[in-house]
Amino acid sequence: GNSGVILSQLFRGFTRRIKEEELLTIPVLAEAFDKAVETAYKAVMKPKEGTILTVARGAAEKAAELVDDGCTDMEAFLSTVIRHAEYVLSQTPEMLPVLKQAGVVDSGGQGLIAVLSGAFDAFLGKETDLSIKPAGQGASAGGNAKESQMQAESQMEIKFGYCTEFIIMLNKTFNIKTEMDFKAFLESIGDSIV
């Protein structure tokens, strides 16, 4: 979905900044966070606050602030950036009424936190056991409750159970006017679909 595309753009911007570096320092990482956010915002036609974009921007701003404060401890730097991103994520329901109404945080922002936390765990040398136990082995009451919840969720009716994607091939020059006309067209059909 949209968050996945935005995450790919965050990775794209981040890796563009670090690809030539032999050593990742705190200032380089802060610049990479900033480049990631810049790339992601440029990739979105109408950036909306309260989403993965906001969480990423919050992380980048905290990273820059830590550099300005002279932070030299990589573990403290990464931990602080992630904690601030978690705080920004907790504020997303205040930015998007639909999140507040549902009583949830932005799922794309939550996914970004999972990615950042996983990278931090890798930095710390933590290993995660991803093995799957055969059914009936090691199941606890908590496991059974989780299985029941998953079964109930899989039987729920999904109102919009589809994702539509388009690949558009143009055999003509794509200038600024063409781009603006095309964006206006996409917005008009997007409004009519919803």
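Lys35 and Glu38 form a salt bridge at 3.6 Å, N to O; the term covers a side-chain nitrogen of Lys or Arg within 4 Å of a carboxyl oxygen of Asp or Glu. The two sit 3 residues apart in helix α2, about one helical turn. This is a predicted model: local features need pLDDT of at least 70, side-chain atom pairs count only at pLDDT 80 or more, and totals for chains, interfaces and linings use all residues. Residues are numbered from 1 along each chain as its sequence is written, and side-chain values use heavy atoms, without hydrogens or water.

The whole structure holds 11 salt bridges.

Lys62 is buried at 16% relative accessibility, while Glu65 is partly exposed at 38%. Buried means under 20% relative accessible area, exposed over 50%, partly exposed in between (1.4 Å probe, protein chains only).

Lys62 is also in contact with Val81, contact meaning heavy atoms within 4.5 Å. Val81 touches Phe33, Ala59, Ala63 and Leu66 as well. Val81 and Phe33 are among the residues with the most contacts inside the largest nonpolar core, which has 35 residues. Such a core joins buried Ala, Val, Leu, Ile, Met, Phe, Trp, Tyr and Cys residues through side-chain atoms within 4.5 Å. Helix α2 gives the most to this core, with 10 residues.

Technical notes: Helix = DSSP H or I, 4+ residues; strand = E, 2+ residues; numbered from the N terminus. Lists of a residue's contacts leave out its neighbours within four places in sequence.
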